[in-house]
Structures are given as C-alpha cells and as structure tokens.
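Let's take a walk through this structure together.

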Amino acid sequence: MIKGIFKKTKYVTTSIPAQEKVPTPIIPDGMWIKCNSCDQIVYKKDIEENNRVCPYCGFHFRMNARERIKLIVDEGTFKELDSNLLTLNPLDFPNYEDKIRQQEEKTGIKEAVITGIGRIYGEEAVIAVMDCFFLMGSMGSVVGEKITRAVEEATIRRLPVIIFCASGGARMQEGIFSLMQMAKTAGAIARHAEEGLLYISVLTDPTTGGVTASFAMLGDIIIAEPGALIGFAGSRVIEQTIRQKLPEGFQRAEFLLEHGFIDKIIKREEIKKTLGKLLYLHKEVK
Amino acid sequence: MADINQNLEQLENKLEALREFSDTHGVDLNKEIKAVEEKLYELKIEAYKNLTPWEKVNLARHGERPTSLDYIDKIFEDFIEFHGDRNFRDDPSIIGGIASLEGKAITVIGHQKGRNTKENIKRNFGMPHPEGYRKALRLMKQAEKFKRPVICFIDTPGAFCGIGAEERGQGEAIAINLMEMSRLKTPIISIVIGEGGSGGALALGVADKVYMLEHSIYSILSPEGFAAILWKDGTRAKEAAQVMKITSEDLKNFEIIDDIINEPLGGAHKDIGELAKSIKKLIINDLQELEKQDLESLLNKRYIKFRKIGEYQ
C-alpha cells in the first residue's frame, strides 16, 4: 500500500516539434547602450528621451549640435547664421578634403559648430553650439570664423552670447591657421565684452586644447555639465610628459569647480532653465 | 642637416689640409685655398637657403641658439628684470622687465630657455606654467599704465603639460592673455626667435607687428606632438614638419607674419651681434610708426590683423 504512494503515475508524453523551439531574439545593433559610468545596459530610446542622460546613474552622454539646439532653444525661434561656410585645405594636407566629406556624411552638418540667433524662455541671444561628432569638434578656419561672426553679430545687435563648447582643440590639419583662430575668437569676445554685453560659456564633454585656451575660458559666467572633461593638455600627453598616472577625476568638471575655474556645474535637464534666468537677470533696461 | 654638415665638414677639412700643407711645405697654395674657401661659402649659402623644415626645427632648437636674454642684452640698455605673477610664484620660463632703447623705456617679455642643462631644468626648457603667462600679462598691463611699448620674444616648445599646470588653469591663463593683448592700449611687437610652439607661443604673440627670425618655426604644436596626435606615432616628427608648414617663408606666404628677419650665415648663433643690430633697427623703425597712430586705429588694425586669418569659402 505504502509502496503505492511512491508509484510512478502514468505520464502523458508528447514530442515537441523541432520548429517550435524558442528562437533567440534578434536585437538590432545599437538598440542598447552600455552606460560608460555605471555599466548598466540601457535601452537606447530611453537615453534619447532622457536628453542622453543615463536614467540609472545620471551619466551625461555626448550630444550632437542639433539635439542640443532642440533642447535649449525655444521651438521655432532658431535662425541659423553662416550655414554655408565651406572648409578649404590651406596646407594642402593629404586627404583632408576626403576626411571633411566623410564627416559631413556621418554627421549631416558641414562643420563642427552651428551658430545662430534664437530665444531661450523668450530671451533673445546669439547661440553657438559645437559638435564633437564632427572631427572631434576641432577648431579650424570655419569654426573660428563662424564663432567670430556670431560674436560680432551679437556685438552689433547688443545681444548676449552663449557658446556650448565641445571640442578636442585646434584642428591639426589646418596647422597655424587653426592656432590663429584662438587669437581671432578671443579678440571678438574682447570687443563684445567692451560693450558691456554678457557671454556665457557652457563647457560640455570634452572641452580641451585650443578651445579651452581661447573662448571657452573667457565667459563672464562659465557653466559645465557634470563629469565633462575640461583641460588644456590631453591626459595622454600629460602622462607621457610627467611619467606618472593621473589622479581619479583629474580634468573633470568637478575638478575645475574645486580649483576655481568654473562657476557652476549644472545637470543637462536644468541648463535651459538656468540660462533663461541668467539672460533675464542681465536684460538691458532700454 | 646631417648631409649638409657632412659635405661642409669635408670641404672644411680639405681646406684645413691645404693650409697645413702650404704652411709646412712652404708652397704657395693661396690660389687653391681661396678657391676652396669661395666654394665653401657658396655651398653654405646654398645649403642654408634650402634647409628642409626638419633641418629648421633642429636649427631653431640648437643648443647654442641665442635666447631672449641674449637678445635683450644686445638690443637694450639697463634691463631690469621683474619677477612673479603676484598670485602663486615666479615662473623662470618667462622673463620680463623694463629696459631702455635709446633712452626710451620699453617693457620686454620673453620665453626663456636655459643655455645649459642646469639652467634648462630651472627654466623648464622654456615651457611656462600658467603663472608665467600671468606674470607676462601683469607686465603688459604695467606697460599700458605707463604708456610704454611692449616687445615680446617668443621661444617655447609649448605651454607645459602637467598636473600643476592644469590645476592652476593653463587654458584660462593663455585665453586671458589672447583677449587682453588684443586690446592692450600700447604698441606690441612680437618676434619668434626660436620655437613658436602652440598656444604657449601665441600667448605672447597677439601683436601689432609679428616677425620671425629666418630659421625659427611657428606651429600649432611641436612636430612630435602633431605626429602623435594625428598618426599616433611621435617618431614621425620629420614627416610632420614637412606637412605642417611651419617655416618663416611659409608663414610669410600665408600673410600670418609681417616679415622675416634674416639670420647670419649658419644661423643666429654664428653672429648674434649683427642680428641684434638689425632687430634693434627694425624695432626702432616700427615703434616710430606705431606710436604715431592714435590708439583707436592701432587697436583696430591689431584686431583686423588677426580677424582676417582663415581660409574658407
């Protein structure tokens, strides 16, 4: 009797047809991104909808210029300036034209900065946004010229200037011409400043080299995004020069804040609001 | 450079041998000696006219190449050096002070490389920290206050790359100099005497007149750094020097500098006296012209000078 309790009951067995095997899901490439900071695997669309900020840890991914303008400027108010300036090859640098063409195709923009006039919470300003996806946002003649023209336009119209910096520095392929853009942009900002006008520089990841050593560091107010790499020399160059490892957090926005070189670190979602307030507080009484 | 030197050396040896033979054997070889001497001179002229960019890099970095203090000593009288940025420390890789030029007070500033290893370590091989640029700016502002012109000598591989330099704002220091020089209310003349490396050079280079010594170089970055960044291979510096267009002729052709100052045959170190004389003459002439202008037009011209640089369509 007791034995019977443990007796095997009859099973119904069926054979699973081979075609019913659960297929491994095919995930299209680039649907998911691993966060650079917390290593979480994040659905790309979630990041895009969250202004390219990791929903888990708040890491700020890099953003292209068009996305940035959409995020910052009041809808339908942005009028682009000098969109037709084209890059030449002043040094006859090998394959430079091809490189530029490739970058154009990759990014859909003609150079590493977009400039224009727009409104932020109704306040008018000249706005320049660099794009680090175009040849690392490097500054050659066109970038220097577009920024200079934008600043000059602001001086003439008595408008504030806001520049979103994102650049690896001066563009090597245009050599000395790139270097001289530093003096050119700094000169234009000096003239804007002489008129008592406001310049806000927003430093995003990365802001280095010749851009740091010119207009990026000349803002009346300098804001940075959390974690942005900001510095003059690249970390690899420094490590090679001094032959030692660099400390954790070196050249990050927080490091610059601590050393007194920026006014404030502001999260991406708050930047538009902050800019709106700053523009309002600097409004000229006419 | 190696090839030229070898050829020249061979000829020089031959010449020496001829002289010796003539002396010891009492044979009159004057004619032959003169012929070789002439040939040597011609070859030298030819060689130094056709230096490759890399040969110029080596000449610009030559251990015996005169430094800012050498020129100051030869061009001005009564140089009094001033120190410190009033914030952090005195940076020995930039020197500055006041001097007199034919009785007229001038502010003189320059990058300073060492003339031997020990001095080079003290002067950090002419690579300034932020406080160096801030000292330079302090002295420029002083010049503005006392209405005396500023002469800058540029000679640096670049601004120093290190932890302290970043902590103290290397980028900010250079940026402020560019902005303030663009509107400094007194004439400025800058002369590249050796290496004009990157933003670290430009931070003394926003001037009404910009000159380069014949065998100096002026570039966005050292050829080594350029090759490391673009080709991830710093050893391709020679090739980089070729494509970068960094010689005085290149920059004159690009209309980025006003003029080239010719060097004595063999380079500045062969006869600094003569070179200093011609620089002095140039400075005196320029200052006469610049000081005639009213400030507004001087500053306008300085703005336009840099405003117009750039190639685009």
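This is a predicted model: local features need pLDDT of at least 70, side-chain atom pairs count only at pLDDT 80 or more; totals for chains, interfaces and linings use all residues.

Residues are numbered from 1 along each chain as its sequence is written, chains are lettered from A and ligands numbered from 1 in the order in which they are written, and side-chain values use heavy atoms, with hydrogens and water left out.

So who takes part in the meeting? Counting contact as heavy atoms within 4.5 Å, chain B brings 50 residues and chain A brings 58 residues. Three salt bridges link the two chains; the term stands for a side-chain nitrogen of Lys or Arg within 4 Å of a carboxyl oxygen of Asp or Glu. You can find a salt bridge between the side chains of A:Glu145 and B:Arg307, at 3.0 Å from N to O.

Several elements of chain B each supply at least two residues to the side that touches chain A, among them helix H8 (170-182), strand S7 (217-219) and helix H14 (295-307). Helices (H or I, at least four residues) and strands (E, at least two) are DSSP runs, numbered from the N terminus. H8(B) gives the most to this side, with nine residues.

Now step into chain A. An open sheet of seven strands runs in the order S3-S4-S5-S6-S7-S8-S9, with mixed pairing; two strands pair if DSSP finds at least two bridges between them. Strand S3 (79-81) and strand S9 (264-265) of chain A stand at the edges with a single partner strand each, so one side of each has no neighbour in the sheet. Within the sheet, S6 (residues 161-167) and S7 (residues 199-207) of chain A run parallel and are joined by six bridges, with A:Ile163 opposite A:Ser201. Strand S7 of chain A also holds A:Pro206, and the peptide bond from A:Asp205 to A:Pro206 is cis, with omega near -10°.

Is A:Glu111 buried or exposed? It's buried, with a relative accessible area of 2%, where buried means under 20%, exposed over 50% and partly exposed in between (1.4 Å probe, protein chains only). A:Glu111 sits in the loop between helix H4 (96-107) and strand S4 (113-120) of chain A, and a polar contact of 2.6 Å joins its side chain to that of A:Thr87.

Over in chain B, strand S2 (residues 94-101) has seven of its eight residues buried, so the rest of the structure largely encloses it. S2(B) pairs antiparallel with strand S1 (residues 77-82) of chain B over four bridges, and eight bridges join S2(B) to strand S3 (residues 104-111) of chain B, also antiparallel. In the hairpin of S2(B) and S3(B), B:Glu102 takes a positive phi near 50°.

Methods:
A polar contact is a pair of N or O atoms within 3.5 Å; within protein, one must be able to donate a hydrogen and the other to accept it, and residues adjacent in sequence count only if both atoms are side-chain atoms.
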